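Hello,

Here is the structure for you to take over. Please open it first, then read the notes below.

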Amino acid sequence: MDSAELAGKIVYTWLTLVLGFILLPSAFGLSLGISELYMKILVKTLEWATLRIEKGVSKESVLKSSASVGIIQRDESPMEKGLSGLRGRDFELSDVFYFSKKGLEAIVEDEVTQRFSSEELVSWNLLTRTNVNFQYISPKLTMVWVLGVIVRYCVLLPLRVTLAFVGISFLVIGTTLVGQLPESSLRNRLSELVHLTCCRICVRALSGTIHYHNKQYRPQKGGICVANHTSPIDVLILTTDGCYAMVGQVHGGLMGIIQRAMVKSCPHVWFERSEMKDRHLVTKRLREHIADKKKLPILIFPEGTCINNTSVMMFKKGSFEIGGTIYPVAIKYNPQFGDAFWNSSKYNMVSYLLRMMTSWAIVCDVWYMPPMTREEGEDAVQFANRVKSAIAIQGGLTELPWDGGLKRAKVKDTFKEEQQKNYSKMIVGNGSLNSELD
Amino acid sequence: MGSCSSRAARIPDVDSIQRETGFSQASLLRLYHRFRALDKNEKGYLSRVDLQEIGALAVNPLGDRIIDSFFPDGSLQLDFPGFVRVLAHFRPVDVEDLRNRDPQEPEPLNSRMNKLRFAFQLYDLDRDGKISRHEMLQVLRLMVGVQVTEEQLESIADRTVQEADEDGDGAVSFLEFAKSLEKMNIEQKMSIRILK
């Protein structure tokens with residue numbers, strides 16, 4: 001009896017504390033400053049850890065190159081130089097060396113595959129999962145690490161799970177209730193309130209610290225918001241600062257429940273997987289949505305897949321063919337506090353969320369950018385590339401022309417044909433064969 | 001370095017691979033991570049498809065031939081030693097290695113001759129030790145795609161075979177191949193330096 005009562009009392013106090021300190025303030029958009037304090041302590045601890053590691057390592061004078069430098073020495077000279085050619089030189093047996101070297105270089109290291117694994121850190125952030133190259137330094141550091149493990153798993157994790165649970169249930173219940181009301185501006189305002197509150201609670205559930213820049217360019221109704229994609233949390237981060245209509249596939253499981261709930265109170269655009277293949281259908285539905293100026297801006301991730309936040313890959317042109325104003329947004333996470341990248345082939349949603357909740361925090365910057373529209377004489381692909389460059393520059397990410405969907409589909413032959421064209425020009429170009437002139 | 005060697009120990013048969021290929025432990029570790037990253041389904045070996053998914057390789061005109069060189073004798077699975085063995089051909093030539101070489105031991109995989117052999121087998125599809133005119137045409141066709149007509153390609157192939165062929169059998173043997181490239185700086189053209 002006694003222990004049950006005691007347990008009951010503990011749970012009760014725990015819930016009241018959570019309610020008082022976290023739920024209520026977030027419902028009103030206020031902050032008690034607890035997270036800021038936590039972040040300050042965290043930053044100080046990590047700085048101390050970095051200094052200790054550097055001191056310990058300098059004795060052995062190990063050079064650690066930054067994560068962006070490749071592992072092989074590359075000769076980036078164009079094909080002409082690589083083949084030691086002047087234009088119109090003849091084919092030689094040794095030409096095959098150039099292509100085989102390029103091929104083997106791609107096997108050892110290519111730009112795309114590395115973007116689908118988590119970014120390597122320059123200095124350790126006291127999480128086991130990022131401990132790739134760092135070795136044992138000192139007992140003090142290990143103690144801090146152990147302390148960190150205890151804090152993360154025993155204090156932060158239960159708190160965060162509680163918050164997430166409360167947040168999601170509130171979202172499902174709230175949107176269902178609001179969905180019962182008839183269409184009116186009251187219903188829209190209530191639905192916005194429910195969405196915003198739940199998002200703020202969920203962000204607290206991840207100890208998220210988000211900095212929004214240039215809020216004056218926040219996406220307006222009837223427009224399309226376009227952002228780079230790193231994880232499903234991107235959605236959470238953007239919706240905390242404004243309401244969007246989402247576009248995406250219908251999922252099963254937890255995501256499915258959330259999707260179905262959300263669509264009850266506010267028109268989102270969810271597609272069945274089979275419908276996604278029909279591009280005309282997709283474009284038509286999206287066009288209908290933005291034509292209605294009262295509807296919320298659509299949120300689209302044109303990369304189509306999660307990339308590890310060091311680069312921006314090819315933007316699929318579909319979203320840029322719809323017309324309308326595009327509001328680009330750049331999202332950049334700070335990897336020092338927690339790795340937000342979702343490697344969908346390695347982790348499923350639940351284990352991903354658990355990893356998120358046992359990191360230190362999620363810190364990111366969101367930059368809203370001035371709206372862009374398609375110019376005269378610009379086709380959808382060029383427009384997409386223009387927006388992609390803008391986002392990459394703003395977020396400090398590298399730009400890659402490759403399609404993130406490469407991991408699921410074959411690459412287009414046009415790239416290969418370009419190389420073949422260049423090569424043919426070299427060996428045949430100037431009519432170095434007698435038969436040409438005859 | 002303490003933990004570095006304990007990680008290298010995770011690679012099976014690391015010592016024999018090191019002896020055979022001459023890669024340093026650090027390089028082998030990097031290559032092992034790369035092998036694991038390419039092996040998306042964690043099968044423990046690589047298949048043709050895994051290599052074909054590398055974008056930069058798929059657009060390489062000789063991409064398929066290069067993949068073939070990893071799967072000799074019709075095998076379908078590439079394990080880590082096999083993977084490293086092929087990459088060892090592209091290890092830069094180490095001057096130290098050359099001087100300290102024991103003439104009794106077989107040539108290291110990255111010797112000039114072995115680099116040439118690698119290039120030779122990109123041409124010699126049927127592995128009969130000779131590059132016939134037909135095989136030359138096939139490789140040329142891969143490299144130029146549809147940009148060049150059949151006649152032009154045939155005359156290029158004829159000319160090349162004629163220049164290299166010394167014993168007049170209409171095909172280029174490995175020795176003739178090596179001889180025609182004796183002035184070429186193979187070591188530099190066919191070397192990939194792995195940093196750290």
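**A covered helix in chain B**

α9(B) is mostly covered: of its 12 residues, 9 are buried. Buried means under 20% relative accessible area, exposed means over 50%, and partly exposed lies in between (1.4 Å probe, protein chains only). The buried residues are N114(B), K115(B), L116(B), F118(B), A119(B), F120(B), Q121(B), L122(B) and Y123(B). The helix runs over residues 112-123 of chain B. From first C-alpha to last it reaches 17 Å, close to the 16 Å expected at 1.5 Å a residue. That expected span is 1.5 Å times one less than the number of residues. Helices (H or I, at least four residues) and strands (E, at least two) are DSSP runs, numbered from the N terminus.

**How to read the model**

This is a predicted model: local features need pLDDT of at least 70, side-chain atom pairs count only at pLDDT 80 or more, and totals for chains, interfaces and linings use all residues. Residues are numbered from 1 along each chain as its sequence is written, chains are lettered from A and ligands numbered from 1 in the order in which they are written, and side-chain values use heavy atoms, with hydrogens and water left out.

**Transmembrane record for chain A**

UniProt, in an unreviewed entry, places the feature "transmembrane region" at residues 12-34 and 144-173 of chain A. Its positions are given in the numbering used here, feature names are shortened, and annotations may be inferred rather than shown by experiment. In the model, residues 144-173 of chain A are 100% helix and 0% strand. The end C-alpha atoms of that span lie 41 Å apart.

For C198(A), the nearest cysteine sulfur is that of C202(A), 6.6 Å away. For C202(A), it is that of C199(A), at 6.5 Å. C198(A) is buried, at 2% relative accessible area. C202(A) also counts as buried, at 16%.

**Two asparagines with positive phi**

Most residues other than glycine have a negative phi. N214(A) has a positive phi of about 55°. N214(A) sits in the loop between β1 (208-213) and β2 (224-227) of chain A. N309(A) has a positive phi too, of about 70°. Its place is the loop between β5 (298-300) and β6 (311-312) of chain A. Which of these is buried, and which partly exposed? N214(A) is partly exposed, with a relative accessible area of 31%. N309(A) is buried, at 5%.

Best wishes

Methods
Disulfide = S-S within 2.5 Å.
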